[in-house]
Amino acid sequence: TTCVPSPSSSPLLSSPPPPPPPHQGGFRYRELDNVVTLLDLVYSRVADGVAQFEKPLCDLIVVCGRPIVREKANEELLSAGLSGFEALLGSLGKMLHMPFPAAQVQAALALQEIAQGKDTLRSNDPGTVRVLGAGDVKQDLRPAPRELNNALLLKAGVVEGAVSALKEHISTMPPLVPLAKDGMITTVPFRPPSGSGAERPPIPPGGDEYDAGYDSDPDANAPVDLASYTLSAALVSPMPANLRELLRSLASLLRDLSTSARNAAIVVKADGMAAVVDLLELLLPEPRDPLINICVEVLWNCLEHTQTTLEVGPSALSRTQLIDRRRKCNAMYALAAERPLTILKSLLEALIVTGHRTKDKELRNEVLIVASLIARHKKSHGFFRTTGLLELLLTYATAAETDTPTPADPHNFASVLAPDLELKRILWALLSDLSKSDADNMETIMGSELIETLLMYLSVDLQPGSGEGEDEQGAGAGVEGYLMETDQMATGVAAVGPAGMEAVSPGMTEGDAADAGFA
């Protein structure tokens, strides 16, 4: 007997697999003109009050954020591909200002994906190859997808549009929490609603357990809204959840745009630094808000690109270019003012007082790095002193060694863990920069206990013939830098001068200091 398989079980007669969904990787370049027209039509229907088109509009924007599909080589570099993609970016940029939060968020996320330069066929880091007579050259001489996309985003006006949209929504953002008469934040203990399934956060360990490792406590990796016994900003704030999500998406878009030097300059020129500072001020009551990390990254990107442009960029060819470089597009100049430094001081103090987790301490150090980049502009040195930021830096630069009482727990800033050691280095280097060209800052630093604190980490032998490694003059010195390299610590100590060193360590002359490596 021969068994004949049934038609339904025969592999030759079985139905073929379903085709993949269309546009799984995005639209094709030849379709972009029609996509722009479709975007405008759907947007007009939503603007007319037809609610049924809101979800299709969001779905269409999501597909626009995916990598564009090529049908022939280098299609993205041809005239038709460039013009169509630029028109699409312009349409998406208009969506940032429409009065529908869901579509605004999707537009910001789509533009963020485009700014990151995601490409299914090409890498943003093609690598280099060694060529005889030419050295290291890129394997692919075409512009990287990220570079090309950021240039088109700038040309389409998306950078200025993102800054203006952020400023527009910040102006309508209510305060995070109501303030009491004494200036303290009014909060209430966390009590989850009955039947919600939420549990009260565990009690943070105390005493020695707290210092054993701040990452090992149960509260270290808890969600933001359960990070303490007081309600977080997301729960206390009267701000709608969709507005918070919109601000996060716009700030994230600015962060990715600011990775490009040209885009960072336009962000500064469009008053983006003031917008980010305004957002930081509104978020001060909740220093653990993840949105603060994004804002600090935007400031850091713009400051770093400004420094690179001033140091190694081409010289200005006209007065207009000079003014743009030194003033309008200079993030250091924009942030070297009283209000930005006052907000940074409040944020830094809040992070030191409340931050015991790893990411809290890392964010604290990043804020200090931002302050260090601002301090490279001499205009800011006086504001460091008048805002009280200099006094705050001196307090935590010397508190651990001098037993100075502070509002913060010593475990938050004076442990032997890596972030706290990094904090010491950044503080001392920043104080050294602030004392170089401002006499009043020098006087304030000289009146503090910083010099005595620095000398605690030194071991200087001034007796001739007492050890190895002495020079012919007999004045040898062995310096053991516990927290900083000799040249970094030298800058702060050398600023004191011979008279100051004589007062702290009698008998130590300027020549002795030179032998010790501090001249």
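The legends below describe a predicted model.

**View 1. The whole chain.** The chain has 519 residues, of which 43% count as buried. Its secondary structure consists of 24 helices and two strands. Counting contacts between residues at least 6 apart in sequence, 73% join residues at least 24 apart.

**View 2. Helix α3 against helix α5.** Shown here are α3, residues 79-94, and α5, residues 145-155, whose axes lie 9 Å apart. The two helices pack at an angle of about 60 degrees, and α3 and α5 are therefore oblique to each other. Their crossing is right-handed.

**View 3. Residues between α3 and α5.** From α3, the residues Leu82, Phe85, Glu86 and Leu89 take part in the contact. They meet Leu148, Asn149, Leu152, Leu153 and Lys155 of α5. By class, the residues of this contact are six nonpolar, one polar and two charged.

**View 4. Helix α3 against helix α4.** Helix α4 covers residues 101-115, and its axis comes within 9 Å of the axis of α3. The axes of α3 and α4 cross at roughly 145 degrees, and the crossing is left-handed. On the α3 side the contact is made by Phe85, Leu89, Leu92 and Gly93; on the α4 side, by Ala107, Leu111 and Ile114. The contact of α3 with α4 has six nonpolar residues, one polar residue and no charged residues.

Methods. Residues are numbered from 1 along each chain as its sequence is written. This is a predicted model: local features need pLDDT of at least 70, side-chain atom pairs count only at pLDDT 80 or more; totals for chains, interfaces and linings use all residues. Side-chain values use heavy atoms; hydrogens and water are left out. Axes are lines fitted to C-alpha atoms, for helices over the stretch in contact, and angles run from 0 to 180 degrees between N-to-C directions. Helices (H or I, at least four residues) and strands (E, at least two) are DSSP runs, numbered from the N terminus. Angles under 35 degrees count as roughly parallel, over 145 as roughly antiparallel, 65 to 115 as roughly perpendicular and the rest as oblique. A crossing is left-handed if the near helix is turned anticlockwise from the far one by less than a right angle, and right-handed if clockwise. Contact means heavy atoms within 4.5 Å. Ala, Val, Leu, Ile, Met, Phe, Trp, Tyr, Cys and Pro count as nonpolar, Asp, Glu, Lys and Arg as charged, and the others, Gly among them, as polar. Buried means under 20% relative accessible area, exposed over 50%, partly exposed in between (1.4 Å probe, protein chains only).
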